[in-house]
Every structure is written in structure tokens, then in C-alpha cells.
Amino acid sequence: MSIKEQIQSLKATLPEGVTLVAVSKTYPPEIIREAYEAGQRIFGENRVQELVAKYEALPKDIQWHLIGHLQTNKVKYIAPFVTLIHSVDSAHLLETIHEQALKHGRVIDVLMEVHIACEASKHGWAESELWEYMASGAWKQLTGIRLRGVMGVATFTDDQQEVRAEFERLHAIFLRLKQEHQFGPEFDTLSMGMSGDYPLAIECGSTMVRIGTLIFGARQYNKPIL
Ligand SMILES: *Cc1c(COP(=O)(O)O)cnc(C)c1O
């Protein structure tokens, strides 16, 4: 199937209310353009330098999401244009995004990334630390950010029970945050599900799936991209 056909068939299977982020990391602009021409406008990248280069090379009505780990010293490069940052995992990072947003006269939408997987390598807030930080109320002063929801990456495993349990846990965190802090309708994003597990994520309440391999094919990390 072509990229266009992949996007169209994937979109046809997504329920209403589930947004598709096409994860284009490692793929060059001309490949991304094929997806753009199929109507896709939301793309996700996990590295700042690559995101900036693609932003500059591609049409300006693309909405760019940062889905990978973000270092505070790199926030300034994406603050002028990024649409949604999925990977906020510390108070310091949130404060930095707020400051950079104000510098550019923007309010930047963000998600809190929660560590739900068994693997130690995955990023995100430990659940207890997230509750503690949210209870502190410090985030309420940050007028440069708008908290839209949470994001998580499940364990890479064939064990469907384990993956389901992790997605259900993230869904519960999302609902509890929304209720405890009385967020309004803008708190609407539960970002979970990738190529291998997105149908399960949707069953568990996902409103945003991040899909790369299924659209673009397997990635080759050893190849220079730009
Ligand atoms: C790469 C990546 C994805 C997409 O993974 P696929 O398996 O290619 O669909 C989703 N989320 C994050 C955080 C990623 O880094």
C-alpha cells in the first residue's frame, strides 16, 4: 500500500474523537509530503533538531507535535511553532516551556507524560510524583502553558493483559486529574497507542494515537536523514 492508502485505511478504522498523529521521525520531508498530500496535517517527531528542520522544509499549515524526551535547553528552538508537547516529565521543563511561550507571545499546549511501562528506560513522571506536583498547584501560575491531558508509552510486549492494564491505569489517571483539578473541556487528550497497540489503546479510552511504522514502514535509524 502507498502512504496515501495507509493513511486513508487507518483513518477509516479510527473512531470519531480519536486524533491521528503521524509519527514521521527518521523519514525525510519528501516522504512526509506524501502523507500531507493525503490530507494528514498532524505529525509527530521525537528529536528537536529534526523537528525544526522539517518545520522549515514543509508547508506551514502542518501541526507539529513533539513526542520524545525534551531537554530544557532545547525548548527555545521549538517554542515559536510547536502545536503540542506530549512529553512533559518535570516541573522544570514545564516552567521552561511557559517562559519560552511567553517570549513568543504564545500559550503552548502540553501533556504530562506518565511512566506506565515496566521498562526502566521509558521517560515520564512516576505517578506519585505527578500527584504531588499537581497538588502543589505550582502549575497554576504558568500562564504560558495549557495542560491538555496525559501521554504514556506502554511496555513493549506481546502480553496483552499487561498492555491493557497500563492503558487502563493511564486512563484512570487522566480522569482523576480532570476531576480533582476541575479542568474544563480543554483537558481532552489521552495520548496513547502506537502501531503495535493502538486498537487496544482505543478500547481503553485513547483520544490520540501516535502511529509511525504502520504508515511509513519500518524505520532505519542508521541512515542520515537530513
Ligand atoms: C516512535 C514513537 C511512536 C510511533 O511508533 P510506531 O511503533 O512506529 O508506530 C509513538 N510514540 C512515541 C513516543 C514514539 O517515540
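This is a predicted model: local features need pLDDT of at least 70, side-chain atom pairs count only at pLDDT 80 or more; totals for chains, interfaces and linings use all residues.
Residues are numbered from 1 along each chain as its sequence is written, and side-chain values use heavy atoms, with hydrogens and water left out.

The ligand is surrounded by residues including Val 23, Lys 25, Ile 67, Met 151 and Arg 219, where a residue is near if one of its heavy atoms lies within 4 Å. Among the polar contacts (pairs of N or O atoms within 3.5 Å), a polar side-chain atom of Ser 195 lies 2.5 Å from a ligand oxygen atom, while a side-chain N or O atom of Arg 210 is 2.8 Å from a ligand nitrogen atom. Gly 212 places a backbone N or O atom 2.8 Å from an oxygen atom of the ligand. The protein covers 87% of the 390 Å² of accessible area (Shrake-Rupley method, 1.4 Å probe) that the ligand has on its own.

The C-alpha trace of the chain spans about 50 × 45 × 35 Å along its principal axes.

Definitions and conventions: A polar contact is a pair of N or O atoms within 3.5 Å; within protein, one must be able to donate a hydrogen and the other to accept it, and residues adjacent in sequence count only if both atoms are side-chain atoms.
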